[in-house]
Structures are given as structure tokens and as C-alpha cells.
Amino acid sequence: MRDHYPYDYAIFRIVPRVEREEFVNVGVIVSCPARDFLEARVELDEQRLMALDSALDIESIRAHLATIPAICAGGEHAGPIGQLSQRERFHWLVAPRSTTIQTSPVHTGWCENPTEVLEHLLNTMVRAAGGVTDPE
């Protein structure tokens, strides 16, 4: 039997107008400390966002979202937050905020391969339904 490792994940979402409580899922972050894994992927569906609020500053949102994978990777290019430990970076990224870019609650699971989990979550939680079939 293969080893299974605990992991945590959260979904990144754009909430164009907080008062309306509408959002579009735009990315996933997965942390699996036992595998020394922290990665986020972002897939911005601009059409879906513009349907909620046509006045959105897409360029600003795109720039802010681009910092998430960079912070996950860590290092000097990720600024002061990039110098934190992998687990600290995860917790910093998923901390609740009342801004346009928010995260879901953190969820936990067991996996053999956190990269496969990340792809599965993108397919089921971020990408439009019917676009990609689940290989499992």
C-alpha cells in the first residue's frame, strides 16, 4: 500500500461586490508539509467575472493573483512573506480578508500525490463544468 499524506487546501475566489456575496472561484492552494509541497494555481475566467461586475479592474486583479504562486514558491522575489516558512506562507495566504480576493475555509484530506490533488481541485472547483473530465 502506498503512503498517504495529510494536506490542506483552500479555494481562491474573486468577490467583485462584497455586499452581493457573489463570487467566482479562480484558483487553488494546496499544502502538504510531509511532501514539502506548497503550490497554488490560478485560472482567471474574465468572462465569468465581468458578468458579475463589468466595472472590475481586471488588470489589478490579475496582478494581485500573480503574487499568490510566487509567495508559495518563496524566496527573495516573493518579498518579506516569501522569507517565511512554507507553512507560515500557507497560513498567511489563506487568512480571512474582506477584500475582492478571498479564500474559502481551509479543508483537509489525505493524498498520495499533492500535485494530482491540485489538478483535481482545479477541475472540480475552478474550471467551468464540462471542460475537463476527471481521470479518477
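This is a predicted model: local features need pLDDT of at least 70, side-chain atom pairs count only at pLDDT 80 or more; totals for chains, interfaces and linings use all residues.
Helices (H or I, at least four residues) and strands (E, at least two) are taken here as DSSP runs, numbered from the N terminus. Residues are numbered from 1 along each chain as its sequence is written, and side-chain values use heavy atoms, with hydrogens and water left out.

**Helix α2**

- Helix α2 covers residues 58–73, which makes 16 residues. From its first C-alpha to its last it reaches 24 Å, close to the 22 Å expected at 1.5 Å a residue; the expected span is 1.5 Å times one less than the number of residues.
- Ile58, Ile61, Leu65, Ile68, Ile71 and Cys72 are the buried residues of α2, where buried means under 20% relative accessible area, exposed means over 50%, and partly exposed lies in between (1.4 Å probe, protein chains only).
- The partners of the buried α2 residues are β1 (5–14), β2 (24–32), β3 (37–42), α1 (46–52), α3 (86–94) and β4 (101–103), with contact meaning heavy atoms within 4.5 Å.
- Thr67 is also found in α2, and is partly exposed at a relative accessible area of 40%. The C-alpha atoms of Thr67 and His77 are separated by 10.0 Å, with the two residues 10 apart along the chain.
- Gly74 follows α2 and has a positive phi, near 75°.

- In α3, the buried residues are Arg89, Phe90, Leu93 and Val94. They cover an arc of only 120° around the axis, which puts them on the same side of α3.
- The buried residues of α3 pack against β1, β2, β3, α2 and β4.
- Helix α4 runs over residues 114–126, 13 residues in length, and spans 17 Å from first C-alpha to last, close to the 18 Å expected.
- Pro114, Val117, Leu118, Leu121, Leu122, Asn123 and Val126 are buried in α4, and what covers them includes β1, β2, β3, α1 and β5 (107–111).

**Loops and positive phi**

- Most residues other than glycine have a negative phi, and most peptide bonds are trans.
- Glu21, in the loop between β1 and β2, has a positive phi near 60°. Glu21 is exposed, with a relative accessibility of 67%.
- Asp36 likewise has a positive phi, near 55°. Its relative accessibility of 60% makes Asp36 exposed.
- Glu22 sits in the loop between β1 and β2 and is partly exposed at 27% relative accessibility.
- Leaving aside residues up to four places away in sequence, Glu22 touches Ile14, Val15, Pro16 and Leu52. The C-alpha atoms of Glu22 and Asp53 are separated by 10.0 Å, although the residues are 31 apart along the chain.

**Cysteines**

- A disulfide is a covalent bond between the sulfur atoms of two cysteines. The rule used here asks for a pair of cysteine sulfur atoms within 2.5 Å, and by this rule the count comes to 0 disulfides.
- The closest cysteine sulfur to that of Cys32 is in Cys111, at 4.4 Å, which is too far for a bond.
- Cys32 is buried at 0% relative accessibility, and Cys111 is buried too, with a relative accessible area of 4%.

**Aromatic rings and charges**

- The whole structure holds 1 aromatic pair. Rings of Phe, Tyr and Trp (its six-membered ring) pair if their centres lie within 6.5 Å; planes under 30 degrees apart count as stacked, over 60 as edge-to-face and the rest as tilted.
- The charged end of Arg13 sits over the ring of Phe23, 4.1 Å from its centre. For this, NZ of Lys or CZ of Arg must be within 6 Å of the ring centre and within 35 degrees of the ring normal.
- Arg97 lies over the face of Trp92, 4.8 Å from the ring centre.

Technical notes:
The arc is that of the directions from the helix axis to the C-beta atoms.
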